[in-house]
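Reader: I would like to go through a few residues with you. Please keep the answers brief.

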Amino acid sequence: MHTTYTVQPGDTLWEISRQYSVPLESILRENNLSNANDLTVGQVLLIPTAAAPYWYVVRRGDSLWSIANKFFTTTDELLKLNEIDNPNVIFPGQLLMIR
């Protein structure tokens, strides 16, 4: 499911992602954008809704805290969604569900 947003003067993709609580990467992917700075006033963006989960591949150096902050969620939510018992044990290549 999607909603739409029309870009206004001064908008940034980061601000739009925060406004809708959607990962910036999800908006980039849904709109086939390769650069977060490529916005045009009047451009209509597809904003994915929370109904569709996003899958994140853990990278070296990631922590649940850093991933939670990146996607505007909490470590507790990541623990629950991904049935993780130990918040200190995640590994590169692991898939995490984000909502």
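Author: A polar contact is a pair of N or O atoms within 3.5 Å; within protein, one must be able to donate a hydrogen and the other to accept it, and residues adjacent in sequence count only if both atoms are side-chain atoms. This is a predicted model, where local features need pLDDT of at least 70, side-chain atom pairs count only at pLDDT 80 or more, and totals for chains, interfaces and linings use all residues. Numbering runs from 1 along each chain as its sequence is written, and side-chain values use heavy atoms, with hydrogens and water left out.

Reader: Which side chain makes a polar contact with the side chain of Glu-30?

Author: Contact means heavy atoms within 4.5 Å. Glu-30 touches Leu-46, Pro-48 and His-2, not counting residues up to four places away in sequence. The polar contact, at 2.6 Å, is with the side chain of His-2.

Reader: Does Asn-31 count as buried or exposed?

Author: Buried means under 20% relative accessible area, exposed over 50%, partly exposed in between (1.4 Å probe, protein chains only). Asn-31 has 17% relative accessibility, so it counts as buried.

Reader: Which backbone nitrogen does the side chain of Asp-62 reach?

Author: The side chains of Asp-62 and Tyr-56 are joined by a polar contact of 2.7 Å. The side chain of Asp-62 also reaches a backbone nitrogen at 2.7 Å, that of Arg-59.
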